[in-house]
Amino acid sequence: MILKAIVAYAENRVIGKNNDLIWHLPDDLKHFKMHTAGKTIVMGRKTWDSLGGRPLPNRRHIVITRKKDFRAKGAEVTHSLEDAIKLAQAEEEVFIVGGAQIYALSIQMIDVLEITEVHGEFNGDAYFPSFNSGDFELISQQYHPKDENHQFSFTFKTLVRKV
Ligand SMILES: NC(=O)c1ccc[n+]([C@@H]2O[C@H](COP(=O)([O-])OP(=O)(O)OC[C@H]3O[C@@H](n4cnc5c(N)ncnc54)[C@H](OP(=O)(O)O)[C@@H]3O)[C@@H](O)[C@H]2O)c1
């Protein structure tokens with residue numbers, strides 16, 4: 001199984017504020033959908049809550065929480081990252097989709113990072129963890145300018161862990 005993380009972070013690594021995203025970038029949402037459609041996505045309980053407590057279409061959802069009685073309609077609930085990965089072991093590709101706590105738990109295990117770097121610095125309360133960029137090879141990047149539908153410019157980057 002290949003473990004991927006997909007994230008949109010700002011130049012100061014902010015990913016969210018008040019349990020929500022900071023920007024609305026339709027082409028980044030399309031990019032997220034393109035990568036994760038038909039796949040398994042693993043998320044923290046707060047990110048699950050930020051979805052409004054219901055799953056995104058056409059994806060297997062695994063939610064991590066310490067709450068033993070937590071139920072999430074349309075998702076499988078686990079109590080550790082290790083259990084989440086065990087549940088998804090038979091899958092070809094699994095995406096860690098956040099938030100900050102779950103990225104921090106998993107960053108050392110990630111094989112591929114699908115990053116949307118949003119150009120600018122933002123105030124927030126959730127951050128992507130620091131990682132050693134030297135551990136990864138940048139295999140593609142694509143710039144998206146700001147336009148009438150996108151208030152900020154951004155760059156899609158794919159980083160693959162060096163063997
Ligand atoms: N920009 C992006 O790409 C992106 C992507 C995803 C999320 N976000 C943003 O990130 C923010 C949410 O991130 P967050 O860090 O606050 O929350 P989170 O990582 O989504 O969820 C945190 C929760 O996960 C559970 N958890 C954490 N560590 C655990 C462990 N070791 N064992 C078992 N359960 C554990 C706990 O749930 P319980 O409290 O239920 O025990 C904890 O409260 C929001 O602003 C969201 O919009 C941004």
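User: Which residues is Lys4 in contact with, leaving aside its neighbours within four places in sequence?

Analyst: In this predicted model, Lys4 is in contact with Glu93, Val94, Phe95, Ile96, Ile110 and Val112. Contact here requires heavy atoms within 4.5 Å. Lys4 itself lies in strand β1, residues 2-10.

User: Why is Lys4 called buried?

Analyst: The relative accessibility of Lys4 is 12%. Buried means under 20%. Lys4 therefore counts as buried.

User: What makes the pairing of the Lys4 and Glu93 side chains a polar contact?

Analyst: The distance between the two side chains is 3.4 Å. The limit is within 3.5 Å for a pair of N or O atoms, one able to donate a hydrogen and the other to accept it. The Lys4 and Glu93 side chains are joined by such a contact.

User: Where does Thr116 lie, and why is Thr116 called buried?

Analyst: Thr116 is in strand β7. Its relative accessible area is 1%. The cut-off is under 20%, so Thr116 is buried. Beyond its neighbours within four places in sequence, Thr116 is in contact with Val7, Ala8, Tyr9, Asp28, His31, Phe154, Thr155 and Phe156.

User: What makes Glu92 count as exposed?

Analyst: Glu92 has a relative accessible area of 72%. Glu92 sits in the loop between α3 and β6. With neighbours within four places in sequence left aside, Glu92 is in contact with Met1 and Ile2.

User: How far apart are Glu92 and Tyr127 in sequence and in space?

Analyst: They are 35 residues apart in sequence. C-alpha to C-alpha, Glu92 and Tyr127 are 28 Å apart in space.

User: Is Asp147 buried, partly exposed or exposed, and how do you know?

Analyst: Asp147 has 32% relative accessibility. Partly exposed covers the range between buried, under 20%, and exposed, over 50%. Asp147 is therefore partly exposed. Asp147 belongs to the loop between β9 (136-144) and β10 (154-161).

User: What does the side chain of Asp147 reach, and with which side chain does it make a polar contact?

Analyst: The Asp147 side chain reaches the backbone nitrogen of Asn149 at 2.8 Å. With the side chain of His150, the Asp147 side chain makes a polar contact, at 2.8 Å. The cut-off is within 3.5 Å.

User: Why do Arg13 and Asn18 carry their accessibility labels?

Analyst: Arg13 has a relative accessible area of 26%. Asn18 has 63%. Over 50% is exposed, under 20% is buried, and the range in between is partly exposed. So Arg13 is partly exposed, and Asn18 is exposed.

User: What joins Gly98 and Gly99?

Analyst: A cis peptide bond, with omega about 0°. Gly99 falls in the loop between β6 (93-96) and α4 (100-106).

User: What is the volume of the largest pocket, and which residues are closest to its centre?

Analyst: Its volume is about 1,300 Å³. Thr47, Ser50, Val97, Gly98 and Gly99 are the closest to its centre, out of 46 lining residues. The elements giving two or more residues to the lining are β1, β2, α1, β3 (40-44), α2 (45-50) and α4. By class, the lining holds 22 nonpolar, 14 polar and ten charged residues.

User: Which members of the largest nonpolar core touch the most other members?

Analyst: Ile96, Leu113, Phe128 and Phe131, in a core of 25 residues. Membership calls for buried nonpolar residues joined through side-chain atoms within 4.5 Å. Two or more residues each come from β1, β4 (60-64), α3 (81-87), β6, α4 and β7 (112-118). With four residues, β1 gives the most to this core. Another core, of ten residues, lies apart from it, and includes Ile6, Met43, Ala75 and Phe95.

User: Which residues is Phe128 in contact with, neighbours within four places in sequence left aside?

Analyst: Phe128 is in contact with Val7, Tyr9, Arg13, Ile15, Tyr103, Ile107 and Leu113.

Note on methods
Residues numbered from 1 in each chain as written. Predicted model: local features only at pLDDT ≥ 70, side-chain atom pairs only at ≥ 80, totals over all residues. Heavy atoms only, no water. Buried < 20%, exposed > 50% of the residue type's maximum accessible area, 1.4 Å probe, protein only. 1 Å grid on protein atoms, 1.4 Å probe; cavity = no way out; pocket = protein on both sides within 12 Å on 5 of 7 lines; lining within 4 Å. Points joined across faces, edges and corners; volume = space filled by probe spheres on them. Nonpolar A, V, L, I, M, F, W, Y, C, P; charged D, E, K, R; others polar.
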